[in-house]
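Subject: Structure handover, domain contacts

Hello,

Please find the structure below. My notes on how its parts meet follow after it.

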Amino acid sequence: MHTITLIPGDGIGPEITEAAVRVIEATGVPVRWDRQLAGMAALEKYGTPLPEETLESFRRNKVALKAPLTTPVGGGYRSVNVTLRQEFDLFANVRPALSFEGTRARFDNVNLVTVRENTEGLYAGIEHFIRAGRETVAAESVAVVTRLGCERIVDYAFRYARQAGRRKVALVHKANILKCTSGLFLEIGRQVAQRYPDIQFEERIVDACAMQMVLDPGQFDVLVTTNLFGDILSDLAAGLVGGLGLAAGANIGEDAAMFEAVHGTAPDIAGKGIANPAALILAGVMMLEHIGEQAAARRIEQAVRAVIREGVHVTPDLKPGSGATTQEMADAIVAKLR
Ligand code: NAI
């Protein structure tokens, strides 16, 4: 029996969580869900967006499936997602971007994975305003890049490539301008690459890389990069294959792993029952792979592909004018499970 911390989240979170749970349970994999609150739902009930019970559950189970959480823009509480990644040292954010037949995507040959450093860089949380009297005259954010952080993320990307039968790792940087932070990342990346002679290594400058991804995404395999660049490029990659409704991600540490949809809480459609559950279901596929349930993972992925290819029981974001609801799409996926 696998015990998994389940965080239904905010906005469309509870709707897509219900769908994902139903699909995963339909495979027959023995799962016990340890349901916990975080984000706005937790703030309303417990007065904190990240209750100790939720942390304790994740500490105990070491695997979590998490729906999106509200993060206030500007002021308010700190992102719970960022806090969880740092608290559990979930240093590798793995975000595949795969083409799905039947979507209105710009390309049909994308099969790349962004491996993003998840705990340091400009998201280290070290920032402040500089005030002169009552006036705010400047703001500073400190990007932290450590030898350990670079070494383990690049090494993870190479190990991942080898394990997944991939051939090439591109290290994405901006070392021509950010000579210290990006420079250190590049220097250590080159050293790590020498340990993997069977995997091709290349270096890309982030701005040119973004353009190349839009022009010819088929040339990319595994990308490894620092936190901010990885955040942006993985969303760009999601756009290439038809948007956030199909983008899943894993946050992996030495001791724990958390799986999530890349998209947010979609407040504009929350409660309407029309959110696309595929991204969270695909996060569930990554989770099943992580816990050693490869066969169930493949069955779900194929069922999702079949439903999207047929284009009948899909939510309106995938096919404008479609009347399919979140739960109808989940039912169609369950019906396709072999
Ligand atoms: P968003 O991803 O929630 O929404 C952007 C657009 O995509 C909206 O039009 C939305 O309706 C649509 N969309 C997103 N997911 C969808 C789905 N599954 N099916 C159909 N349409 C979908 O991004 P936004 O509006 O910037 O953020 C809303 C909230 O979510 C904010 O509080 C933000 O901080 C939070 N957020 C949380 C994340 C997480 O917990 N991992 C990630 C990104 C944002």
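One term is needed before the notes: a salt bridge here is a side-chain nitrogen of Lys or Arg within 4 Å of a carboxyl oxygen of Asp or Glu. Please also keep in mind that this is a predicted model.

On the contact between them, 23 residues of domain 1 touch 28 residues of domain 2. Together the two domains bury about 2,000 Å² between them, and 49% of that lies on carbon and sulfur atoms.

By the definition above, there are 3 salt bridges between domain 1 and domain 2. Arg95 and Asp231 form a salt bridge through their side chains, with 3.6 Å from N to O.

Which elements give two or more residues to the side of domain 1 that touches domain 2? They are helix 4 (80-87), strand 4 (92-98) and strand 11 (248-252). Strand 4 supplies the largest share of that side, with 7 residues. Sorted by class, the side of domain 1 that touches domain 2 consists of 13 nonpolar, 6 polar and 4 charged residues.

Regards

Conventions: Residues are numbered from 1 along each chain as its sequence is written. This is a predicted model: local features need pLDDT of at least 70, side-chain atom pairs count only at pLDDT 80 or more; totals for chains, interfaces and linings use all residues. Side-chain values use heavy atoms; hydrogens and water are left out. Contact means heavy atoms within 4.5 Å. Buried area is the accessible area (1.4 Å probe) that two parts lose on being put together, summed over both. Helices (H or I, at least four residues) and strands (E, at least two) are DSSP runs, numbered from the N terminus. Ala, Val, Leu, Ile, Met, Phe, Trp, Tyr, Cys and Pro count as nonpolar, Asp, Glu, Lys and Arg as charged, and the others, Gly among them, as polar.
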